[in-house]
Amino acid sequence: MNRGVDLRRYFGFFPMTLLCLFILYAPLIIVTVYSLNDSRSITSWEGISLRWYAEIFTGPESEKFRKAAWNSLTIAVMAATTATIIATAAAIGMIRGGSFRGKSASFALISLPIMVPEIVTAVATLIFFSAIGFKLGTLSILVAHIVFCIPFAYMPINARLQGIDASYEEAAHDLYASRWQIFWHVMMPIMSPGIISGFLLAFIISLDDFIITNFVKGAGVETLPTAIFGSVKQGIKPNIMALSTLLLLLSILLVTASYFVGQRREKPVPTNQKPETEA
Amino acid sequence: MAANIGTGRAVSSTFAPLRIWLLLPGWLSIGFFLLIPVLLMLVYSFLTKEFRGGVIWEPTLAAYDQFFFDRGLFGDDPRRIEWKYISIFWRSIWQAGGATLLCLIIGFPTAFFIATRPDRTKVIWLLLVTVPYWVNLLIRTVSMKFLIRDNGPMNDFLQYIGLINEPLQLINTNIAVQIGLFYSYLPFMVLPIFAAVERYNFTLSEAASDLYADKWTILRRIVIPVVSPGIFAGCILVFVPSLGAFLAPDLLGGAKSFMIGSLIEEQFKGNIGNWPFGAASSMILLSLVLVALFFYARAQSQGERA
Amino acid sequence: MSETAIQLESVRKDFGDFTALSEVSFEISDNEFFTLLGPSGCGKTTLLRLIAGFLNTTGGTIRLFGEEIEALPPNKRPINTVFQNYALFPHMTVRDNIGFGLSMLGWSRSDVATRVDEMVSMVKLDQFAERRPSQLSGGQQQRVALARAMAPKPKVLLLDEPLSALDLKLRQEMRLELKRLQNETGITFIFVTHDQEEALSMSDRIAVMSAGKVQQIGSAVDIYEFPENRFVAGFIGETNLIEAEVIDASADALTCQLVNGAVLTARSLHEITKGQKGWVSIRPERMTLSKTKPKGNSLSGTLTGATYLGTDNQYAVGLTDDLSLNVRHQNRTSVGAAMTTGEPVHISIADNAARFLVD
Ligand SMILES: Nc1ncnc2c1ncn2[C@@H]1O[C@H](COP(=O)(O)OP(=O)(O)OP(=O)(O)O)[C@@H](O)[C@H]1O
Ligand SMILES: [Mg+2]
């Protein structure tokens with residue numbers, strides 16, 4: 001029998017995929033396993049315990065980590081929220097703004113933070129803050145994160161909006177809805193999966209950021225990545241592995257969330273969105 | 001004319017009159033906090049350095065001069081090319097290129113494999129590849145360091161199964177940095193290639209097969225050229241961040257594999273800092289990236305004409 | 001009689017538990033223009049893909065000039081395909097597309113160039129040879145696909161609805177063009193279509209398919225004039241089907257009694273015995289209306305409707321309350337003008353026009 005006709009199958013591609021996944025997951029799994037190691041040394045295995053998890057919350061460095069975690073979380077929430085609002089407005093302006101002069105320039109400007117290497121953004125921001133005398137601290141980190149997160153929030157929102165027919169808005173307009181009502185009752189519900197994905201992506205990016213934060217954080221202010229980096233510089237300790245594992249779990253939680261949002265996105269755009277009408 | 005009815009929509013959208021106000025927050029925040037800073041950085045690269053960080057507002061070419069030329073310890077020797085910084089840049093390009101190649105070699109088959117799965121399982125494979133991207137980059141890099149360090153689990157395992165006698169000394173080598181970069185940005189390679197292969201019309205493969213081409217010839221002559229926009233996109237998405245990467249070279253490479261990111265970072269830390277020099281190095285890095293993006297845009301537009 | 005190019009022997013194809021083709025057997029001789037005609041989903045493409053080698057048969061054998069080809073992958077079969085949407089390689093010029101098969105066969109560069117030149121002028125694309133497919137019109141792309149598939153001089157050319165993406169005018173031109181190319185090259189064509197006019201006008205023989213089975217194979221005249229069964233009679237052109245029973249099979253023609261009691265004579269392709277139940281099929285254009293009772297085969301009823309169709313007038317004639325026939329008159333006479341609905345009319349049936357079908 002001639003079994004070689006499946007042109008979608010190539011010999012060796014499946015093992016390659018498994019290799020790829022192995023490389024991606026091996027380090028994460030190893031760290032998770034070793035975070036449960038009872039030993040004080042990272043090289044020998046002395047049975048399972050949760051002592052390093054306890055250490056994060058009660059150990060000598062716990063105060064530092066708690067502060068850093070609080071900073072990371074508040075900055076990420078605020079940066080992602082602001083970036084998502086700005087990105088949503090921009091996406092509506094770009095997609096529903098018709099064709100206008102400077103459209104591609106606008107697009108280039110919005111995607112600038114992704115095009116410029118992160119370290120260059122970090123340098124430029126530091127120079128700018130110092131030139132205008134902006135005090136480095138939590139606020140400077142927040143501002144830098146907002147700017148950096150905008151394109152990441154923009155992309156999924158833009159993609160979503162592009163897939164929505166403008167006739168929904170026109171229908172609502174025709175039915176006497178004001179712009180604000182159209183936005184609130186028609187566009188928001190349809191766009192929401194894109195907005196949620198955009199927010200989550202921005203949130204993760206902010207939480208993830210090391211380089212820019214490291215440049216603009218000023219003395220004494222730490223976020224989780226900078227705190228971890230500081231500790232790791234002196235060698236990988238078991239409590240860092242426990243902390244990493246916790247962050248890893250948080251990330252997986254967020255992916256799962258965004259996956260389900262994505263599932264919602266697959267469904268056809270609901271056609272029964274009824275705007276409230278008024279006489 | 002009747003044709004206007006159809007085309008009117010895009011122009012006369014409900015929100016078109018508001019577009020300035022909708023776009024303004026984005027323009028202002030990025031323009032004010034990134035575009036102007038980058039321009040200011042360009043200005044800084046032409047200023048004189050202040051010893052404890054910062055600058056003196058006196059125009060000079062000293063930063064670029066220091067980058068490209070060696071004038072001896074006291075600055076009065078005849079001008080010679082300074083290889084120190086150029087070679088750091090060269091190594092960065094080389095390392096980023098190596099990581100890109102590594103990502104391509106593993107990422108292409110992976111992306112192709114996933115894109116040809118039935119719809120049900122496709123999502124799961126895709127999720128598996130993207131999950132690590134959501135994990136903090138620092139944590140991933142630290143994990144990699146933990147795994148491949150001299151007496152780490154990987155060496156233990158390889159010694160245990162008898163594949164090697166001495167531990168592999170990977171940490172603080174170029175290879176470790178490439179592995180780290182590869183690990184950092186692999187999903188960026190897989191996703192665009194996946195999207196391109198998913199759009200690829202397999203009737204083309206059938207047509208080639210019908211015209212006497214064997215499978216690997218089809219891959220080389222038809223599939224790869226047709227999905228090449230995705231491949232270019234993947235390469236640029238891996239190459240650009242690799243070029244300016246800081247974490248992988250800093251944590252996995254030693255002094256011998258110093259890269260641009262570390263060089264720039266050093267200029268803004270502590271007393272050895274030199275802001276104009278850091279700004280100049282950043283400008284040079286930015287120019288390299290722009291060159292890469294330019295070639296990318298050209299390749300894409302040529303692909304579009306095809 | 002020329003050689004047999006393709007021979008199918010009880011070919012069967014299952015997709016899971018769905019049977020897409022069963023008991024497909026026929027022979028196609030060399031140089032023949034053979035058409036597969038059938039409604040959407042009847043398995044035409046599947047059959048072509050089996051012959052091309054993109055699918056494996058579930059059962060039966062396919063022979064090419066006497067040799068079994070089941071074990072050969074598509075790239076080892078001297079058969080080429082013109083794909084429905086052409087499947088032109090978007091990154092190659094017209095020349096490179098046409099030369100692709102030749103270079104895969106290991107032809108030298110100069111031989112390829114010569115052959116490509118030949119093909120390019122054969123399909124009249126000389127000015128467009130250096131263009132990419134995206135810079136060509138639909139009809140031009142179609143020609144490239146044709147030239148590409150014919151360049152390696154395949155023994156059999158498979159064409160899967162190659163004209164369906166073209167507009168009517170171009171389609172008619174391309175029909176003549178295809179016919180010309182087939183005559184010039186002498187390649188065996190297996191042509192798939194669901195357009196009956198295309199099938200009737202181009203083919204040497206037509207295989208009418210339905211639900212994974214071949215219903216009838218024959219020339220255009222055969223399948224239109226002498227349909228095997230109700231499906232063929234109804235799928236090719238229009239027809240009137242009336243339930244009937246054979247009451248006398250002794251003469252040359254069968255005497256049939258219709259459900260409404262009327263009696264007429266009909267012919268059949270097969271030996272029929274008295275008492276056989278079945279259907280009588282009569283094409284609308286083989287009947288004529290008149291006010292007076294004609295001689296020979298005829299029926300009578302009431303004119304219930306008349307529709308003006310430009311070239312034709314179409315009449316509905318009620319035989320009983322729930323049995324009505326369609327009759328067509330070409331618009332060159334003005335018989336219709338004199339008729340008004342509600343009037344009693346007689347239908348005269350042309351010789352041989354009534355066919356008795358068993359199923
Ligand atoms: N790969 C497959 N898996 C399952 N069923 C299939 C597959 N390919 C075809 N079929 C089924 O086989 C039947 C015949 O399909 P085929 O494509 O041969 O029809 P066709 O006659 O070419 O129709 P059309 O005129 O619409 O092109 C259809 O019912 C189709 O759903
Ligand atoms: Mg078909």
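**View 1. The interface between the two domains.** Domain 1 of chain C and domain 2 of chain C bury about 910 Å² between them, and carbon and sulfur atoms give 55% of this area, where buried area is the accessible area (1.4 Å probe) that two parts lose on being put together, summed over both. Of the area that domain 1 of chain C buries against domain 2 of chain C, 60% comes from Tyr224(C), Phe226(C) and Arg230(C), more than from any other three residues. This is a predicted model, in which local features need pLDDT of at least 70 and side-chain atom pairs count only at pLDDT 80 or more, while totals for chains, interfaces and linings use all residues. Residues are numbered from 1 along each chain as its sequence is written, chains are lettered from A in the order in which they are written, and side-chain values use heavy atoms, with hydrogens and water left out.

View 2. Chain C is divided into domain 1 (4–230) and domain 2 (238–357), with bounds that come from an automatic or database domain assignment. The C-alpha centres of these domains of chain C lie 40 Å apart, and eight residues of domain 1 are in contact with nine residues of domain 2, contact meaning heavy atoms within 4.5 Å.

**View 3. The salt bridge.** One salt bridge is counted between domain 1 of chain C and domain 2 of chain C, the term standing for a side-chain nitrogen of Lys or Arg within 4 Å of a carboxyl oxygen of Asp or Glu. The side chains of Glu225(C) and Arg286(C) form a salt bridge, at 3.0 Å from N to O.
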